[in-house]
Structures are given as C-alpha cells and as structure tokens.
Amino acid sequence: LSIASSHMLTHYYLLDILKNFHKENPSVSIRMENNSILETVRCVLDERVELGIVTTPFGINNGLEFIPFSTMQDCFLAGEEYLSLKRKVVTLKQLSEYPLIVMKEGRITRPYQERCFMSRGAKLKPELECDMMALIADFVASGLGIGWGDRRVAEETIRLHPTLFIVQLDKDLPPRKVGVIKRAGVTLSVAAQAFLKHLRTL
C-alpha cells in the first residue's frame, strides 16, 4: 500500500486510521511519502503512489477521483500578545489589521486563504509566510503573530502552550474536506482497495 500525504494530514487525520487498518490487515506493508498537497497530487498522477491524502481545494481535478473521509475546520490561533482579542468576536476585515502568519505563496492552500478574505471584503496581508502548517503554530507560540491553521493543530498547540487561544470570528471559516485521491478509472491493488473499504466504514 503506497500513500502520499503531508506531515500535518498524516499526524492529525491519517495516523489513527493507518493504525487500525494495520491491525485488521497485518500482512499489508505500507509505504508512506511525506509531501505538500501539490506534490501529493503529482505523485498520484505520476503513478509513484496509488493513493494520496489531500484537503479541498487540491487544485487539479482532471483524472482524479476524490473520496472524502473527514472535515477540517480552519481557525486563527493567537497568543498573550493579543489578549485584547480573547473575549471579542472579530471579522476577517478587523483581523487583517493584525500581523498574520499564513501559508506561503505557491502552496495550494494560499489562494483559498486569499479568497476567504476577499469574500468578506478584506485583503490578506501576511506578516509571515510558512510552507508547513505545523510551523505556523510554532511561530504563534513564539509570539510572532496570529496564525491561520487547522483547529486540531491549534487545540494540540494550546494544550502545550495554555496561554494561546483560538480567535472567535463573527462567522466561521468554511470547513474543508479531507479525503483520498486516486487515479480515475484505474484498478487499485488489493491492499489499496482494502484501505478504501476500511475508510468507508469510518
């Protein structure tokens, strides 16, 4: 079974699934590749792996089948430098005036982040850009700004750094789907078919 996935998606969405799948199918060997979402898509299209774990939007739809199995909720994580926001409800337009930490240009997530701001009459003006979501949480914990990230990552970061908090927005960001991509119309290996069957039981 060959799977490509980002480090964040593997840690927060895939690891427990793989653990249970391996218990049920101990004879199946698993080969993992850690990549960005864009590189994961390329790995599947280039037949380097059979399956990829991605979030929507993942950019390329032609030739791929997407099978969702979970949802991701984006949020903003802040530290004690921004305590004035802790008990407030803010808009994205108001938040755009603060130093924001987001994914860097060139990552598939970045245009989605910019569209979210534009849809609410604001412009994304990042203070700091990262190529990994886990780094955003680290930078927030260091007091470098307010980070845009996945709620699961944010909640784990808060457990490690209790002074951090999730900023309350007047309207939640739209949830994204987490799922598996495969080449459309291609017969998968027995192992990959078993994995997809396992996912459908969740």
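Student: Which strand does Ser5 belong to?

Tutor: Ser5 is part of strand S1, which covers residues 2-5. Keep in mind that we are looking at a predicted model.

Student: Why is Ser5 called buried?

Tutor: Set the value against the cut-off. Buried means under 20% relative accessible area. Ser5 has 0% relative accessibility, so Ser5 counts as buried.

Student: How do you know that Ser5 and Thr10 make a polar contact?

Tutor: Their side chains come to 3.0 Å from each other, and the limit for such a pair of N or O atoms is within 3.5 Å.

Student: Which way do the residues of S1 point?

Tutor: Ser2 and Ala4 point one way, while Ile3 and Ser5 point the other way. All of them are buried.

Student: What makes S1 and S2 a pair?

Tutor: Two strands pair if there are at least two bridges between them. S1 and strand S2 (residues 31-34) are joined by 4 bridges and run parallel. Within S2, Asn34 is the bridge partner of Ser5. Between strands of a sheet, the pairing is made through backbone hydrogen bonds, either parallel or antiparallel.

Student: And how do you know that S1 pairs with S3?

Tutor: Use the cut-off again: at least two bridges are needed, and S1 has 2 bridges to strand S3 (residues 51-55). These strands also run parallel. Ile3 has Leu51 as its bridge partner in S3.

Student: What makes a β-α-β unit here, and which hand does it have?

Tutor: The unit is made by S1, helix H1 (residues 7-24) and S2, and it is right-handed.

Student: What does strand S12 pair with?

Tutor: S12 pairs with S3 in the antiparallel sense over 4 bridges, with Val54 opposite Gly179 of S12. S12 also pairs with S4, again antiparallel, over 8 bridges. There, Thr71 has Lys177 as its bridge partner in S12.

Student: What makes S12 "mostly covered"?

Tutor: Count its residues: 7 of the 8 are buried.

Student: Which residues have the most contacts inside the largest nonpolar core?

Tutor: That core has 27 residues, and those with the most contacts inside it are Leu1, Ile3, Met8, Leu51, Ile53, Val180 and Phe195. H1, S3, strand S4 (64-72), H5, strand S12 (176-183) and helix H7 (190-200) each supply at least two of its residues. H1 gives the largest share, 8 residues. In soluble globular proteins, nonpolar side chains tend to be buried together.

Student: What does Leu51 touch?

Tutor: Setting aside residues up to four places away in sequence, its contacts include Leu1, Ile3, Val180, Phe195 and Leu196. There is also a second, separate core of 20 residues, with Leu92, Leu95, Phe117 and Phe165 among them.

Student: How do you know that the buried residues of H5 are on the same side?

Tutor: In helix H5 (residues 133-141), the buried residues are Met133, Ile136, Ala137 and Val140. They cover an arc of only 95° around the axis, which puts them on the same side of H5. Just after H5 comes Gly143, which takes a positive phi of about 80°.

Student: What about the buried residues of H4?

Tutor: Those are Thr109, Arg110, Tyr112, Gln113, Cys116 and Phe117, in a helix of residues 109-118. Their arc is only 160° around the axis, which puts them on the same side of H4. They pack against strand S5 (74-78), helix H3 (92-95), S7, S8, S9 and S12.

Student: Why are S8 and S10 edge strands?

Tutor: The open sheet has 5 strands in the order S8-S7-S9-S5-S10, with mixed pairing. S8 (126-130) and S10 (165-166) each have a single partner strand, so one side of each is left without a neighbour in the sheet. S8 is joined to S7 (residues 100-103) by 4 bridges, running parallel, and Leu100 stands opposite Pro126.

Student: Why does Gly149 count as buried?

Tutor: Gly149 has a relative accessible area of 11%, and buried means under 20%. Gly149 lies in strand S9 (residues 146-150). Leaving aside neighbours within four places in sequence, Gly149 is in contact with Gln73, Asp74, Cys75 and Met133.

Definitions and conventions
Residues are numbered from 1 along each chain as its sequence is written. This is a predicted model: local features need pLDDT of at least 70, side-chain atom pairs count only at pLDDT 80 or more; totals for chains, interfaces and linings use all residues. Side-chain values use heavy atoms; hydrogens and water are left out. Buried means under 20% relative accessible area, exposed over 50%, partly exposed in between (1.4 Å probe, protein chains only). A polar contact is a pair of N or O atoms within 3.5 Å; within protein, one must be able to donate a hydrogen and the other to accept it, and residues adjacent in sequence count only if both atoms are side-chain atoms. Contact means heavy atoms within 4.5 Å. The arc is that of the directions from the helix axis to the C-beta atoms. A crossover is right-handed if, with the strands pointing away from the viewer, the path from the first strand over the helix to the second runs clockwise. A nonpolar core is a set of buried Ala, Val, Leu, Ile, Met, Phe, Trp, Tyr and Cys residues joined through side-chain atoms within 4.5 Å.
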